[in-house]
Amino acid sequence: TKRAVWLGCALVTSQNGILLVDEIENGLHYSIQPDLWRMIFETAQELDVQVFATTHSYDCVQAFEQVAQDYERSESMLVSLRRREEDPEDIVAVLSDRDELGTVVEENIEVR
């Protein structure tokens with residue numbers, strides 16, 4: 001799809017830098033998301049690109065977790081923003097590394 005080609009080109013032009021992608025799953029069928037994440041992981045490692053991607057799709061989180069398990073050299077992490085119960089005005093980041101991400105997906109923990 002055009003979106004996957006765009007992401008590939010964006011990775012190449014971000015060599016030795018950072019790529020920010022908002023709602024990475026937009027326009028992509030859930031069934032190709034694991035392949036897309038594989039392409040992102042491989043290209044980002046090869047070109048030294050740090051990728052930050054947002055999503056509201058649990059399918060996208062699951063695909064990310066599935067592929068992240070195969071890339072032990074990467075520093076894959078899920079960051080979820082949450083409001084504190086004691087003070088709803090206060091927003092905190094909840095970090096899940098590759099190992100914790102497996103638990104998040106297995107237990108179907110809401111992270112979006």
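Modeller: Let us begin with E86, which counts as exposed at 65% relative accessibility. Please bear in mind that this is a predicted model.

Biologist: Which residue forms a salt bridge with E86?
Modeller: R84 does, and the closest N and O atoms of the pair are 3.7 Å apart. R84 itself is partly exposed, its relative accessible area being 35%.

Biologist: Which residues are linked with R84 in a network?
Modeller: The salt bridges link R84, E86 and D90 in a network. Between R84 and D90, the closest N and O atoms lie 3.0 Å apart. D90 has a relative accessible area of 29% and is partly exposed.

Biologist: How many salt bridges does the structure hold?
Modeller: There are three. One of them joins D35 to R38, with 2.9 Å between the closest N and O atoms.

Biologist: Where are D35 and R38 placed relative to each other?
Modeller: Both belong to helix α2, and because they are three residues apart there, about one helical turn separates them. R38 is partly exposed, at 25% relative accessibility.

Biologist: Turning to E25, is it buried or exposed?
Modeller: E25 is buried, and it has no salt bridge. The nearest side chain of opposite charge is that of R3, 6.5 Å away.

Biologist: Where is E25 found, and what does it touch?
Modeller: E25 is in the loop between β1 (18-21) and α2 (33-47). Leaving aside residues up to four places away in sequence, E25 touches Q33, T54, T55, H56, S57 and C60.

Biologist: A change of topic: what does helix α1 reach from its first C-alpha to its last?
Modeller: Helix α1 covers residues 2-13, twelve residues in total, and reaches 16 Å, close to the 16 Å expected at 1.5 Å a residue.

Biologist: Which residues of α1 are buried?
Modeller: The buried ones are L7, G8, A10 and L11. Seen down the axis of α1, they fall within an arc of 160 degrees, and therefore they line one face of the helix.

Biologist: What do the buried residues of α1 pack against?
Modeller: They pack against β1, α2 and β2 (50-53).

Biologist: And which exposed residues are on the face of α1 turned away from the buried side?
Modeller: That face carries K2, V5 and T13, which are exposed.

Terms used:
Residues are numbered from 1 along each chain as its sequence is written. This is a predicted model: local features need pLDDT of at least 70, side-chain atom pairs count only at pLDDT 80 or more; totals for chains, interfaces and linings use all residues. Side-chain values use heavy atoms; hydrogens and water are left out. Helices (H or I, at least four residues) and strands (E, at least two) are DSSP runs, numbered from the N terminus. Buried means under 20% relative accessible area, exposed over 50%, partly exposed in between (1.4 Å probe, protein chains only). Lys and Arg count as positive and Asp and Glu as negative; His and the chain ends are not counted. A salt bridge is a side-chain nitrogen of Lys or Arg within 4 Å of a carboxyl oxygen of Asp or Glu. Contact means heavy atoms within 4.5 Å. The expected span of a helix is 1.5 Å times one less than its number of residues. The arc is that of the directions from the helix axis to the C-beta atoms.
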